[in-house]
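Biologist: Got a model open here and a few things to ask about it. Can you walk me through the backbone, the rings and the pockets?

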Amino acid sequence: MDMKVAAAPADTALHRAELVRRLMQRVPTPGTFETAIAPLHVIRCDAPNEPVHSVHRPALCLIVQGSKAVRLGDEHYQYDPLNYLVVSVTLPVSGQVIEATPEAPYLCIRLDLDPAQIAQLIAAAPPAGVPDEPGRGLFLEPIDAPLLDTMLRLVRLLDTPRDIGMLAPLALRELYYRLLRGNEGRRLYEIALGDSQTHRVTRAIDWLNSHYTEPLRIEQLAQIANLGTSTLHHRFKAVTAMSPLQYQKQLRLQEARRLMIGEGLDVASACYRVGYESPSQFSREYSRQFGCPPSQDVKRLRGIG
């Protein structure tokens with residue numbers, strides 16, 4: 001036991017060094033890359049960047065080089081190769097790479113989580129108990145050698161495509177197992193247990209992501225989640241760090257930004273498309289979210305003016 005603990009830091013350093021080497025060979029330029037293992041993605045960034053706003057799906061994010069800051073509502077998280085980040089429910093977040101150079105780029109492995117696989121593991125190894133109060137749907141956990149070793153074996157399979165079909169499901173299953181057995185693993189149990197409080201909140205989250213342009217009626221949302229209205233407010237904020245209305249607002253503003261930048265919509269058209277009825281309210285909330293009015297923000301991001 002003592003020998004295993006003492007050896008872990010050295011093992012972790014060796015695993016990380018090999019991961020850096022393999023990822024540098026696989027992704028020689030900045031970007032987000034799919035791999036032959038469907039849920040596995042590799043992200044590279046050669047310099048610090050501005051905050052990137054996105055709707056983050058459930059995933060494990062494991063940095064092997066560099067560091068990143070993530071914002072969820074008013075909460076700030078920062079992580080690096082010593083910690084991994086888990087997003088257990090769909091959340092609107094912003095992320096900013098804060099440590100990266102061309103010689104030592106930011107390298108991150110993102111593994112999209114599959115609740116069905118988690119549920120299968122829970123059936124085989126049920127938890128000792130799940131907290132009554134749902135936890136935040138985003139958390140950091142210290143990395144350990146066994147989990148890093150499992151990820152390394154998964155990445156190695158990319159060099160032997162013929163083995164992926166047989167061996168990748170085994171490595172993925174072990175990776176889920178190690179996540180579930182971590183200090184914060186019960187938060188993953190919650191998303192897969194059909195009648196847990198977090199699973200009920202997830203129903204409300206999924207509905208909001210599909211209907212964010214519609215007026216929000218909290219009674220309807222509570223019915224979807226099978227929770228009382230006051231209970232939904234409490235549980236929803238415990239998981240997402242924001243109220244349902246704030247969550248909807250984040251979705252609307254991010255989609256409006258995408259429409260203006262990616263599809264060339266003007267401010268008024270984007271405003272109405274995402275469900276706002278007042279362009280002035282839209283501009284105020286957009287400025288609070290992104291730091292400047294929408295027209296100015298779009299010009300800045302397009303490099304105009």
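Biologist: How does N226 count: buried, partly exposed or exposed?

Modeller: This is a predicted model, where local features need pLDDT of at least 70, side-chain atom pairs count only at pLDDT 80 or more, and totals for chains, interfaces and linings use all residues. Residues are numbered from 1 along each chain as its sequence is written, and side-chain values use heavy atoms, with hydrogens and water left out. Buried means under 20% relative accessible area, exposed over 50% and partly exposed in between (1.4 Å probe, protein chains only), so N226, at 48%, counts as partly exposed.

Biologist: And what is the phi of N226 near?

Modeller: Most residues other than glycine have a negative phi. N226 is not a glycine, yet its phi is positive, near 60 degrees.

Biologist: A241 has a positive phi too; is A241 buried or exposed?

Modeller: A241 lies in the loop between α8 and α9, with a phi of about 70 degrees although it is not a glycine. Its relative accessibility is 16%, so A241 counts as buried.

Biologist: On to the rings: what kind of aromatic pair do Y276 and F282 form?

Modeller: Rings of Phe, Tyr and Trp (its six-membered ring) pair if their centres lie within 6.5 Å; planes under 30 degrees apart are stacked, over 60 edge-to-face, and the rest tilted. There are 4 aromatic pairs in the structure. For Y276 and F282 the centres are 5.2 Å apart and the planes 65 degrees, which makes the pair edge-to-face.

Biologist: Which residues form one aromatic cluster?

Modeller: Y276 is buried at 5% relative accessible area, and F282 is buried at 0%. One aromatic cluster is formed by Y276, F282, Y286 and F290.

Biologist: Now the largest pocket: which residues lie nearest its centre?

Modeller: A pocket here is an open set of points on a 1 Å grid over the protein atoms alone, where a 1.4 Å probe fits, with protein on both sides within 12 Å along at least five of seven lines; lining residues have an atom within 4 Å of a point. The largest one has a volume of about 720 Å³. Among the elements that each supply at least two lining residues are β5 (67–72), α9 (244–262) and α11 (279–290). Of its 29 lining residues, those nearest the centre are R71, G73, Q250, R288 and Q289.

Biologist: And which residues are closest to the centre of the second largest pocket?

Modeller: That pocket has a volume of about 450 Å³. Strands including β2 (40–45), β3 (52–56) and β9 (106–112) each give at least two residues to its lining. Of the 25 lining residues, the closest to the centre are I43, S54, H56, K68 and R110.

Biologist: Last one: what is the mean pLDDT of the protein chain?

Modeller: pLDDT is the predictor's confidence in each residue, from 0 to 100. In the chain, 92% of residues reach 70 or more, and the mean is 90.

Notes: Points joined across faces, edges and corners; volume = space filled by probe spheres on them. Helix = DSSP H or I, 4+ residues; strand = E, 2+ residues; numbered from the N terminus.
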